[in-house]
Amino acid sequence: MNLLKITASLFTFLLFFASCSEDDQLDLPKGNYEKGYFISNEGPFNNGSGTITHVGEDGVVSQNIYKTVNNEDLGNIVQFMALEGENVYIVVNNSHKIIVANRFTMKKITTISGNGINNPRYFVAENDRGYVSNWGDPLNPNDDFITIINLRTNEIIDTVSVGEGPEDMLIINNNLYVNLQGGWNQNNKVEIIELQFNTVSKTLIVGDVPNSIVADNKGDVWVLCGGKPNWTGFESNGKLAKISTSNHIVEFLDFDLHEHPEYLSIYLDNLYYNLNGKVYEMAAQSSSLPNSPIEGINGFFYSLKANNGILYATDAKDFQSEGALNLYNLSSGALLETIETGILPGAVIFQ
Amino acid sequence: MRKLVLILFLSVSIAGFSQYDSLNKLDEIVLYGNFSPEFNTGYTVEIITDTIINNEINSLGNFLQKNANLYFKQNGNGMVSSISLRGTSASHTGVFWNGIPVNSSLNGQTDFNTLPINSFDGIEIRKGGGSVLFGSGAIGGAINLSDKVLFQQKAKAMILLGGGSFKTFKSNIQGIVSNEKYFVKISLNAISSENDYPFKDTNLINENGQFKNYGIHSTLGWNFDDKNHIVLHTSFMNTDRNTSRTLTAASNSKLINKNNRFLFTWKNIGTQYISDLRLAYLSEEYNYYFDKDLLNSSQNRSQNLFSKYSFNYFFNKNISLNTGVDYTYSIGQGSNISNISQNDIEVYALLHHRVFSNLVYNVSARKGFSSNFEIPFIYAADLNFKISNNFKVKANYSTNYRTPTFNDLYWEPGGNPDLKSEKNSSAEIGVDFQNKNAKFDLTTFWIKSDNLIQWVPVTADFWQPKNVQKTSGYGLEFSIKYKKIIDDHNFQFQAQYAYTVSNDDSIDKQLIYVPYNKANSNVSYNYKRTYFNYNLQYTGKVFTTSSNSQSIEDYWLSNVEISQNFLKNDLKIGFRINNLFDENYQSVAYRPMPGRNFELNINYKID
C-alpha cells in the first residue's frame with residue numbers, strides 16, 4: 001500500500017518535472033489549432049450558421065471549433081477563410097461580416113462589418129492590408145466592390161468599385177487580380193487594382209465565368225474560366241487563361257464547348273482542376289490541356305486544393321447534411337482518407 | 001331566422017359532435033360538395049363551422065395549429081408558413097376555396113399566413129389520400145375554405161377589432177344581407193404589425209419583420225328558383241411582408257403576394273340529382289425584393305381558368321354516383337418563367353353504396369391528361385362499418401399523385417420539362433366512438449410515395465428538380481372530445497395526438513421538419529356570458545439536416561383566452577395571452593418565435 005503510494009507520487013513528480021523541463025526547452029504551444037489545417041463549412045443555406053472544422057497533424061478532427069471556443073455562431077454562409085499574420089479572417093457572406101480571430105486559438109478578436117461589407121466573398125492580404133470582394137445586391141450589377149481593410153486596426157479604409165460579381169483574388173507584384181465571375185450572372189473579366197493607388201489600372205477580358213485564380217513559380221497568373229453553362233441558353237466553352245504579369249498579355253487554352261472546368265489549384269508548378277467529376281493535372285509549362293484525368297479520382301466535388309502531394313477534395317453530398325473531405329494521393333489517385341466535415345465544406349486552409 | 005341557421009349548422013358539427021346521418025344527404029352534398037362526409041365515409045372529415053371561426057382573428061395557420069393539431073413550419077412569426085400533413089411535404093396538402101384548388105401553380109403550396117381565418121365561414125379538413133376526388137396534391141389530405149350561402153331573411157353586420165403586442169392591429173368588417181331570393185356578403189379584413197419582438201437570450205430583435213395584409217371578399221347569391229342557385233364568389237388578397245432576420249443574418253428583403261379569385265357556381269338540384277358547375281379565374285403574383293430599398297425585384301405570376309362540372313345521381317336511397325370533369329388552362333410568366341401554358345383535363349367517378357344500414361362503401365377512380373406531362377390513372381376505395389350506434393370502423397385505400405408545378409418544370413435556371421407526376425399510395429384504418437358527451441377516434445395510416453420531385457445539385461451552382469425521392473411512412477392519430485353541460489356551466493375538453501414517421505427511403509432517415517410527436521389540447525369553460533379557454537400545444541423535435549444530425553428542440557406552448565359578452569351578447573370583449581410561459585421556441589431553425597404576448601379583441605354584432 002505504502003509502496004504503491006510512494007511510487008505513484010514519485011511517478012507524478014517525475015512526470016511534472018519532465019514536462020516542466022520540456023516546456024523550458026520548447027516554445028509553448030500557441031493554441032489548440034496551431035498545426036494541421038482548417039475546412040470552412042458554409043452551413044445550411046437559408047437558416048443557420050457555418051462552421052469550421054480543424055484537422056490536426058495527428059489526424060484528430062474537431063468540428064465546429066469556432067463555436068466551441070467562442071460560444072457563438074459564426075453566421076450564415078461561411079464563404080471563405082484566410083490566414084494572415086497571427087489571425088484568421090472568416091468571410092461570412094449572408095451575415096455581411098468578416099470575423100477576425102486568432103489563428104492558433106480561434107479566439108475571436110473582432111468583427112468587421114458595416115457599409116463597407118456587403119455580400120462578401122473572398123479575402124486576400126498583403127502588407128497589413130486585407131482585400132475583400134463584395135457583390136453588394138446580387139440583383140444590381142453596378143454596386144460591386146473591393147473593401148480595403150487596415151489589418152492593424154481592423155478598420156475599413158476604403159472601397160474600390162469593380163465590375164459585376166468579384167470573386168476569387170490574388171496579389172502579385174503589388175497588383176490585386178480580381179476575377180469577375182459574375183455573381184448571379186456571368187461575367188468574363190479580370191480587373192487589376194494597383195495597390196499603390198487603390199485604383200483599377202486594367203480590365204482584361206478572359207473567358208466567361210472566371211472561377212479561380214492561381215500564380216505559378218514563374219510569376220504568371222492562371223485564371224480558370226468555366227464558360228457559360230448550358231442553362232443560360234448562351235453556352236460557351238471553358239478556358240484556361242494565362243496572364244503575363246509583366247505585360248498583361250493573355251493567352252488561352254480552350255476546352256470543348258460543353259466542358260465547364262472549375263476549382264483551379266497549383267502545387268509544385270502543376271495545375272489541378274475539376275471537370276465533370278474528374279481531376280486533371282497539367283504542368284504550368286505545358287502548351288496544351290491534358291487529355292486524360294488522374295486515374296482513380298471521381299466525385300462531385302465542392303472545392304479542390306492540392307498540397308503536400310495530396311489532393312484535398314470536399315464533397316457537399318446532398319447540401320442538407322454533413323459533407324466530407326476526401327484525401328487522394330496526387331500521383332496514384334488512391335483515396336487515402338475521408339473526413340467528415342460540417343455542412344457544405346468549402347475552402348481547405350493550411351496552417 | 002337565427003334558429004334556422006343554427007339548426008343547419010349546429011346540427012352538422014360543433015367541435016366534432018356531428019350527426020351527419022340525420023342531415024339530408026342532398027343538403028349535405030350541396031353544402032360540402034366532394035368534401036361531404038357522404039363521399040368520404042371511410043375517412044375522417046373534420047368540419048369547423050362559422051360559430052368557431054367568427055370569433056377568431058388569426059391567420060389560418062395559427063388557427064389550425066390551435067384547433068386541429070396540424071403541423072406548420074413557419075419562417076418566423078407572420079412569415080411564410082407551410083403545412084406538413086401526415087409527414088408529407090407542403091405541396092402534398094390540397095387546399096381548396098369553395099371546392100376549387102388554390103395551391104399555387106408556381107410552387108404547388110399554400111402559405112397559411114396569407115389567409116385570414118375570418119374571411120371564410122367554414123373549413124373542412126379531410127385527412128388521407130384524396131387525389132381521386134380532389135386532384136393533384138391531395139396526398140396528406142385536403143382542406144377546403146368555404147363561403148356559406150343561405151337564402152333566408154337576414155341582415156347582419158359584424159365588426160372585429162384587435163390590438164396586441166408588437167404594435168399588431170387587426171380588423172374584420174363583415175356584412176350579410178339576404179332573403180329567400182338573394183344573398184350578399186361582403187367582408188374586409190386588414191392586419192398590420194411591427195412584429196419587432198425580442199429574440200430571447202440575445203440582444204437581437206425580429207428586425208425587418210413588419211407585415212401589412214388586407215383582403216376584400218364578397219359572395220353574391222341568387223336563388224333563381226328553389227332548384228337553381230347561382231353564386232359569385234370574389235376574393236382579393238394582398239400580403240405585404242418584410243422577411244425577418246434570422247439569428248445569424250440580417251435581412252432587408254420583402255415579399256409581396258397578390259391573389260385575385262373569382263368563382264361562378266351554378267347548382268341545379270333535382271329530386272334525384274345535383275348538377276354543379278363551377279367556373280373560376282385565379283391569379284397569383286409575387287414580387288420578391290432582395291433589398292427592399294431598391295427597385296429590383298423578381299416577379300412571377302400565374303393565371304388559371306378552372307372549370308369543374310360535377311353531376312351526382314341518386315339511383316335510390318342506397319346507391320348514388322358522383323361524377324365530374326375538371327378542366328384547367330394555366331399560364332405563367334415572370335422573371336424566372338418565360339411565357340408558358342398548360343392544359344389539363346381530368347375526369348373522375350365515385351360510386352357510393354350503402355349495402356346494409358350499417359355498412360357503406362365508396363369506390364372511385366380518376367384519369368387525367370395534361371399537355372405537359374402524363375397524369376397517372378388512380379383509384380380509391382373506402383368503407384364505414386357501424387358496429388353499434390356508438391362505434392364505427394373506417395378504412396380506406398387510395399392511390400394519389402402530384403403533378404409537377406410551373407417552377408418544377410420551367411424555372412430558369414434549372415426547371416426540368418421532363419418531370420413526371422409524383423405517385424403515392426395510402427391506406428388507413430380507424431375506429432370511432434361517439435356518445436352524447438364524448439367522441440373519440442383512433443386512426444393508423446400508411447403512406448408510400450415514389451417519383452418525388454426534389455431539387456438536386458447538378459453542379460454546385462446549378463440545381464435541377466428530378467423524380468428521385470422515395471418516402472414511406474406510417475403513423476397514428478388519436479383524438480378525444482368531451483363536453484359536459486350542467487345548468488349554465490358548459491365544459492369542453494378536446495385533445496389530439498399524432499405520431500408520424502416519414503422516412504426518406506434512400507438514406508433511411510426521418511424527413512426534415514416532420515416531428516415524430518405532435519399534440520394539442522383545448523380546455524374551455526363557459527358560464528353564462530363568460531368564456532375561458534386554455535390551449536396547450538406540443539411540437540416534438542424536428543430534424544434540420546437530412547442525416548438527422550441536427551434538430552430543433554421540442555416545445556410546449558400555452559395560450560389563454562378569456563372573454564366576456566355584453567349587451568345581449570352583441571358585444572364581446574376578449575383578452576388573450578399567447579405563449580403564456582414565455583417559451584423560447586423556433587419553428588424553423590435560427591428563426592425564434594415571439595415570447596409571451598398579449599391581444600385584446602372587441603367583437604360587435606348587429607343583427
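In chain A, 4 strands make up an open sheet, ordered S12-S13-S14-S15, with antiparallel pairing. Strands S12 (166-172) and S15 (199-205) of chain A are at the edges; each has a single partner strand, so one side of each has no neighbour in the sheet. On average, neighbouring strands of this sheet are turned by 25° against each other, direction ignored. The model described here is predicted.

Strands of a sheet pair through backbone hydrogen bonds, in either a parallel or an antiparallel way. In chain A, strand S13 (residues 175-180) and strand S14 (residues 189-194) run antiparallel and are joined by 6 bridges. A:Leu176 has A:Ile193 of S14(A) opposite.

A:Leu176 also belongs to the largest nonpolar core, which has 44 residues. Together with A:Ile90, A:Met106 and A:Phe123, A:Leu176 touches the most other members of this core. A:Ile90 shows what such contacts look like: setting aside neighbours within four places in sequence, its contacts include A:Ile52, A:Tyr66, A:Leu74, A:Val78, A:Phe80 and A:Met106. Another core, of 27 residues, lies apart from the largest one, and its residues include B:Leu64, B:Ile83, B:Ile143 and B:Leu145. In soluble globular proteins, nonpolar side chains tend to be buried together.

B:Asn67 is in helix H4 (residues 60-68) of chain B. B:Asn67 counts as buried because its relative accessible area is 15%, under the limit of 20%. Apart from neighbours within four places in sequence, B:Asn67 is in contact with B:Glu46, B:Gln494, B:Gln496, B:Asn520 and B:Asn522.

Note on methods: Residues numbered from 1 in each chain as written. Chains lettered and ligands numbered in written order. Predicted model: local features only at pLDDT ≥ 70, side-chain atom pairs only at ≥ 80, totals over all residues. Heavy atoms only, no water. Helix = DSSP H or I, 4+ residues; strand = E, 2+ residues; numbered from the N terminus. Buried < 20%, exposed > 50% of the residue type's maximum accessible area, 1.4 Å probe, protein only. Contact = heavy atoms within 4.5 Å. Pairing = 2+ DSSP bridges. Axes fitted to C-alpha atoms, helices over the stretch in contact; angles between N-to-C directions. Core = buried A, V, L, I, M, F, W, Y, C linked by side-chain atoms within 4.5 Å.
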